[in-house]
Amino acid sequence: MPATPAKRVRKSNPLVAMEARSVDAIPRGKEWQYEPKWDGFRCLLSRDGSHVDLRSKSGEDLARYLPEIVAAALALKPRRFTLDGEIVVPQGKAFSFDALLQRIHPAASRVKKLSQETPALYLTFDLLATAGQKQLAEKPLSERRPALEAFAKANLQSSPVFRLSSTTTSYATAKKWLAQSGGGSDGIIAKRIDLPYQAGNRDGMQKIKKSRSADCVVGGFRYATSRIANRRVVGSLLLGLYDDKGLLNHVGFTSAIKAEEKPALTDRLEALIAKPGFTGNAPGGPSRWSTERSAKWCPLKPKLVIEVCYDHFSGERFRHGTSILRWRPDKAPRQCTFEQLKQKVANPMKMLE
C-alpha cells in the first residue's frame, strides 16, 4: 500500500482579516470613512525580519505565488510591520481578476514566469502593527489611517509594488466611486473610524456593490438535483450573449427560480431542447471554469430572453450567480450582445494615492 501523504502544516497567523457586511446603500455620518472596493485578493502582509507572510482572508499562504510582493516587502526599510490590503494585477487601464487567478499555479517555473509577465501590486488600506507600535490594531481607524499615511510616505513611495489606497469622508465622492465602479473596483467599502480593527467580524466595515442588469439569451439549462412531485425540474438557466461574429457565448447562470414556477418552466424549456445551444464558448468547453458537472446541461434553441441583475462581469463571464428581474418576450435574442455591458469606469490607478 502507498504511504499516506503527510499533512501540510500551515503556519498560523494570530491576526485574521476584518470582514465586511453587505448592505444596499452607502451609510452616512461622521463616523464613516469610504474606500474603493478593489477586485483582487484580500491579503494580510506581515514582515518579521527576513520572513514575509502573505495570508489570504481564508488563512491560506499566498507567498509562494507572489514572489515579487515578498521581495518588495523585504526591500522596505522597516523590518517589522503588518499591513492589510488587496493584491491586484494591472492590465492596461484596469485590474484583471482573471490574470490574478492565473497567478495561483502549482509549478514554480510558471509562478516565476508570471511574476515577470503579470506582476502584481499590493494596495494597502490599513496599518496594524510596526516595530514601535505593536498594538496599533487596537487603536481606532481615525488613528490607524494617519499612521498608515505616514508609513507610506516614509517607505512606500519609491516601491514599484506597494500603493496606498485612496480614502475619503465625502459621501458625494463615495457615490461617484460607486457609480464608476468597474475595471478593478467593484464597489465601495465603508469603515467606522471610531472602532479598533475588527478582526474576524463585520461590525466595523460594510460593502456596497453596484448592481446592473443585462438581457441574456437562455442557451441551455441544468436539471436540479432534487425533484418536485417525483419529476425532474430545472435547477439553473445558462445565460448567453452574442459576440461580434454572431456566436452565442455562455457567460453565466442564474438559479434564482421560485420552486412553484419550476414545473411549468421545465415544460417550456424541454419543448425547446435542441443542439447546439451555445455556438461560441459553451459550458464544459476547454477552460479553467470547467467542472465535471458543467458538462451535464441541456442545449436550447435561442428563443428565450431574460433580464438578470448582476454585480460584476469580467473575462466575458458574470463573476457570480445572477438574479432574475423579468422575462423579455419583447426582446429579440440577437439583440443580446456584449455591447450592452460596456460602461464608463474610473481608471483604478487614478484612485490610488
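**A walk through the predicted model**

Four strands make up an open sheet with mixed pairing, in the order E1-E11-E10-E2. Strand E1 (21–22) and strand E2 (32–38) are at the edges with a single partner strand each, so one side of each has no neighbour in the sheet. The model described here is predicted.

Further into this sheet, strand E10 (residues 185–192) pairs with strand E11 (residues 205–208) in the antiparallel sense, over four bridges. Isoleucine 188 has isoleucine 208 in E11 as its bridge partner. Helix H5 (residues 171–179) lies across E2, E10 and E11, and the helix runs at about 15° to E2.

Which residues of H4 are buried? They are Leu141, Arg144, Arg145, Ala147, Leu148, Phe151, Ala152 and Asn155. Seen down the axis of H4, these buried residues fall within an arc of 165°, and therefore they line one face of the helix. Lys153 and Ala154, on the other side of H4, are exposed. What do the buried residues of H4 pack against? Their partners are E2, strand E5 (80–88), strand E8 (121–130), strand E9 (162–164) and E10. E2 and E10 also belong to the four-stranded sheet described above, and H5 lies across both of them.

The remaining points concern the backbone in loops. Most residues other than glycine have a negative phi, and most peptide bonds are trans.

Two of them are in the loop between strand E12 (212–228) and strand E13 (231–242), where alanine 229 is found. Alanine 229 is not a glycine, yet its phi is positive, at about 55°. Asparagine 230 has its place in the loop between E12 and E13 as well. Asparagine 230 also has a positive phi, of about 65°, without being a glycine. Are these residues buried or exposed? Alanine 229 has 74% relative accessibility and so counts as exposed, because exposed means over 50%. Asparagine 230, with a relative accessible area of 69%, is exposed too.

Lysine 275 and proline 276 are joined by a cis peptide bond, with omega about 5°. Proline 276 is in the loop between helix H6 (262–270) and strand E15 (298–299).

Terms used: Residues are numbered from 1 along each chain as its sequence is written. This is a predicted model: local features need pLDDT of at least 70, side-chain atom pairs count only at pLDDT 80 or more; totals for chains, interfaces and linings use all residues. Side-chain values use heavy atoms; hydrogens and water are left out. Two strands pair if DSSP finds at least two bridges between them. Helices (H or I, at least four residues) and strands (E, at least two) are DSSP runs, numbered from the N terminus. Contact means heavy atoms within 4.5 Å. Axes are lines fitted to C-alpha atoms, for helices over the stretch in contact, and angles run from 0 to 180 degrees between N-to-C directions. Buried means under 20% relative accessible area, exposed over 50%, partly exposed in between (1.4 Å probe, protein chains only). The arc is that of the directions from the helix axis to the C-beta atoms.
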